Amino acid sequence: MFCRLSPGSTSPARRQNKEKEIKETKITINCVTFPVSASALEQQLLKPNEWSYCDYFWADKRDPQGATVSGFEVLLQKQLKGKQMQKEMAEFIRERIKIEEEYAKNLSKLSMFPMAAQEEGTLGEAWAQLKKSLADEAEVHLKFSSKLQSEVEKPLLTFKGDNFKKDMKKYDHHIADLRKQLVSRYAAVEKARKALADRQKDLEVKTQQLEIKLSNKTEEDIKKARRKSTQAGDDLMRCVDLYNQAQSKWFEEMVTTSLELERLEVERVETIQQLLRQYTTLRHETDMFNQSTLEPVDQLLQSVDPAKDRELWVKEHKTGDLRPVDMDI
């Protein structure tokens with residue numbers, strides 16, 4: 001709620017002191033209003049101790065090329081990067097499948113070589129069994145490659161399918177439109193503020209003229225100037241109110257959308273964790289004797305923690321933990 005402006009009754013010195021007081025508690029950066037550090041101490045995180053996306057991406061930042069990047073764009077790029085990583089993981093598994101298929105093919109071919117087929121007696125029986133074991137091993141690797149394709153590669157490719165990019169574009173356009181509206185409303189506030197200053201200056205000039213020379217015309221001019229100044233004050237109040245409404249809407253959508261992106265990231269990490277665990281399970285089934293080479297992978301997969309991942313990522317990429325607040329007149 002805003003108090004009605006009374007430009008004709010507020011002295012320039014008092015008004016300047018009031019504006020100075022407001023400026024000391026709030027600051028507008030890229031058309032978003034934040035509290036200054038001293039007054040920000042009262043703010044509490046929306047989700048304390050969770051390193052949540054909704055608490056650390058309110059400010060803009062500069063990319064390596066010097067361009068301005070919003071906190072939401074940082075979150076969006078995280079999603080797109082995650083999708084690319086998922087695709088590259090699927091490609092990696094595809095290469096693994098090719099190796100297994102080729103290995104199985106060569107083992108099967110080698111098992112049919114007639115070398116030392118004339119060996120007789122118990123040694124001949126042992127040799128024949130050795131060659132047969134190659135065929136059995138080839139079958140194991142062939143089944144392994146088939147399971148890799150159906151239980152690891154395919155789920156990696158289909159998780160977050162064709163609608164993913166459309167959803168990201170929808171989020172991007174929606175937040176961008178709200179931010180554009182905020183910029184437009186801020187420009188209207190600045191225009192109204194300048195108009196009010198001009199009207200107040202005009203009123204002060206006419207008041208000084210009245211003190212020098214009294215006349216009905218000058219008094220009428222002052223009344224007219226006072227009405228215009230009051231109207232300019234009303235216009236400024238209206239513009240500030242519209243700005244605060246736009247910022248509030250942007251704030252609400254930022255919280256909602258950032259929490260949805262956070263949920264999607266947790267889902268992605270947990271899903272890939274599950275698929276990689278399935279990979280190691282299949283690998284253990286294929287070659288139990290080589291288990292020691294996979295133990296480090298198992299240990300690392302056991303320690304996968306979306307919350308910890310988010311903490312580390314947020315610490316490195318956060319743009320600011322101050323949330324927007326209403327602008328004051």
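Leaving aside neighbours within four places in sequence, with which residues is W250 in contact? The legends below open with an overview and then return to this residue.

**Figure 1. Overview of the predicted chain.** This is a predicted model, in which local features need pLDDT of at least 70, side-chain atom pairs count only at pLDDT 80 or more, and totals for chains, interfaces and linings use all residues. Residues are numbered from 1 along each chain as its sequence is written, and side-chain values use heavy atoms, with hydrogens and water left out. The chain has nine helices and four strands, taken as DSSP runs (helices H or I, at least four residues; strands E, at least two) and numbered from the N terminus. Their order from the N terminus is α-β-β-α-α-β-β-α-α-α-α-α-α. Of the 329 residues, 35% count as buried (under 20% relative accessible area; exposed is over 50% and partly exposed in between, with a 1.4 Å probe and protein chains only). Among contacts (heavy atoms within 4.5 Å) between residues at least 6 apart in sequence, 81% join residues at least 24 apart.

**Figure 2. W250 in the largest nonpolar core.** W250 is in contact with V32, W58, I175, L178, R179, L182 and P324, leaving aside its neighbours within four places in sequence. The largest nonpolar core has 37 residues, and F57, W250 and L261 touch the most other members. Such a core is a set of buried Ala, Val, Leu, Ile, Met, Phe, Trp, Tyr and Cys residues joined through side-chain atoms within 4.5 Å. Two or more residues of this core come from each of β2 (32-35), α3 (53-56), α4, α6 (163-212), α7 and α9. The most are given by α7, with eleven residues. Apart from this core lies another, of eleven residues, including I93, I97, F144 and Y279.

**Figure 3. The second largest pocket.** The volume of this pocket is about 370 Å³, a volume being the space filled by probe spheres set on grid points that are joined across faces, edges and corners. A pocket is an open set of points on a 1 Å grid over the protein atoms alone, where a 1.4 Å probe fits, with protein on both sides within 12 Å along at least five of seven lines; lining residues have an atom within 4 Å of a point. Of the 21 lining residues, K78, E265, R268, V269 and D309 lie nearest the centre. At least two lining residues come from each of α4 (71-111), α7 (216-286) and α9 (306-317), and α7 supplies the largest share, eight residues.

**Figure 4. The hairpin of β1 and β2.** The two strands pair (at least two DSSP bridges between them) in the antiparallel sense over four bridges. T28 stands opposite T33 in β2. Two residues lie between the strands of the hairpin, where N30 takes a positive phi near 50°. C31, in the loop between β1 (26-29) and β2, has a phi near 70°, a positive value in a residue other than glycine. C31 is buried, because its relative accessible area is 15%.

**Figure 5. A116 and V140.** A116 lies in the loop between α4 and α5 and has a positive phi of about 60°, although it is not a glycine. With a relative accessible area of 44%, A116 is partly exposed. V140 belongs to helix α5 (residues 121-158) and counts as partly exposed because its relative accessibility is 33%. V140 and E285 are 145 residues apart in sequence and 9.0 Å apart in space, C-alpha to C-alpha.
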